[in-house]
Amino acid sequence: MTLDGAAATDIPTDIRVVVAEDDRGTRLVLRGLLRSLGVRDFAECANGAEAFVQIQRSAPDILISDWEMPEVSGIALTRLVRNHPDSPNPLMPVIMLTSHSNHQLVERARDAGVTAFLAKPVSRKALAARLEAAVHRSRCYVLTRRFFGPDRRRAQAGTDGAAKSPAAGKPPEGRSQPPSADLDTAGDAFLIDPAPLAAACGMPPGLVRPSPLSRSLFTRVRAKRIDLVAADRSRLEIVRDGLLKGGDPERLAAVLIDTMDQIRQSVGLSHPLVQRVWSSLAAIRDRIDPADSRSLDILHLHAHTIERLLDLAGQPDRRLAETTVAELEAAVAKLFPPLRA
């Protein structure tokens, strides 16, 4: 008999779970529910930053994360899991705790790579259902220029030349085979099946633990992501050069911000730095003087900084990227002193 008299569940007792939740009461509830489901190996974290450190340390099987947390939100944490070079398992199921029902917010979470949602207040039945689905229902993952995460029942894998998802009831071609070198071929979108990776390390079809096979795939995924980002870099160069010749700094600032919105999710390594560059652009957009040539110089520097971040996306040493952004912020501060409240 379980704690609340509910039927037994089909959740392996040896799975590793990380819970990211800033509310202590909710963490206590989740702790009790996980124990009632037979899960003993789990860690509790009070914010997303702490959770990502724990994920790097223990390489868990499943992440349960609150949406709104200080420092690093659940959305940002999901992007780190999916895209950061130091993420031990980009294929980890992510269950998002939320009270949001707004369609746009749900879409935003899905675009970050969230696997499933769990409404608050959390019930044992709902938690068990989400965990069982994550463990036993294998879902292909989609890799495109601006998305990496579970295939979310879409006929298209994105808006930028994405591949078609497999038809209902039909496994994708090669589903029973380990991932091949198909990521090295030319293309804009790829389907990645975790089931062979899970089988290789003796796990249920929905769970992939780090292994030589999975690490090899993750390395190729990151390399292909950088290749796809190169197209964004080329477009940025064309936009920048054309607008610089036109001498319209206001238009250039608007286009750069729009371009940043499109590419900042593509660079997992530099996401916080790209956010800083985006914030810098947004802060000076309304203060640019079209008659001042220094405004064009500053915008040129922003574009150059973005290019440098894209260039450095595949390098493990982030000090160069940090230095590049710091130099930009120093230059902006000289020309556009911070506004006083």
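Now colour the whole protein by pLDDT. Its mean is 76, and 72% of the residues reach 70 or more. This is a predicted model, in which local features need pLDDT of at least 70 and side-chain atom pairs count only at pLDDT 80 or more, while totals for chains, interfaces and linings use all residues. Residues are numbered from 1 along each chain as its sequence is written, and side-chain values use heavy atoms, with hydrogens and water left out.

**Stop one: the sheet**

Helices (H or I, at least four residues) and strands (E, at least two) are DSSP runs, numbered from the N terminus. The three strands make an open, antiparallel sheet in the order 7-6-8. Two strands pair if DSSP finds at least two bridges between them. Strand 7 (148-150) and strand 8 (189-192) are the edges, each pairing on one side only. From one strand to the next, the twist averages 20°.

Zoom in on strand 6 (residues 141-144), which is joined to strand 7 by 3 bridges. Click Val-142: its bridge partner in strand 7 is Gly-149. In general, strands of a sheet pair through backbone hydrogen bonds.

**Stop two: a helix crossing**

Select helix 1 (residues 24-36) and helix 5 (residues 124-136). Their axes come within 10 Å and cross at roughly 65°. Axes are lines fitted to C-alpha atoms, for helices over the stretch in contact, and angles run from 0 to 180 degrees between N-to-C directions. The crossing is right-handed, meaning that the near helix is turned clockwise from the far one by less than a right angle.

Show side chains. Helix 1 contributes Leu-30, Leu-33, Leu-34 and Ser-36 to the contact, and helix 5 contributes Arg-124, Leu-127 and Leu-131. By class, that is 5 nonpolar, 1 polar and 1 charged residues.

**Stop three: Glu-322**

Go to helix 11 (residues 319-335) and pick Glu-322. Why is Glu-322 partly exposed? Its relative accessibility is 40%, and buried means under 20% relative accessible area, exposed over 50%, partly exposed in between (1.4 Å probe, protein chains only). Leaving aside neighbours within four places in sequence, Glu-322 is in contact with Leu-273 and Arg-276.

Definitions and conventions: pLDDT = per-residue confidence, 0-100. Contact = heavy atoms within 4.5 Å. Nonpolar A, V, L, I, M, F, W, Y, C, P; charged D, E, K, R; others polar.
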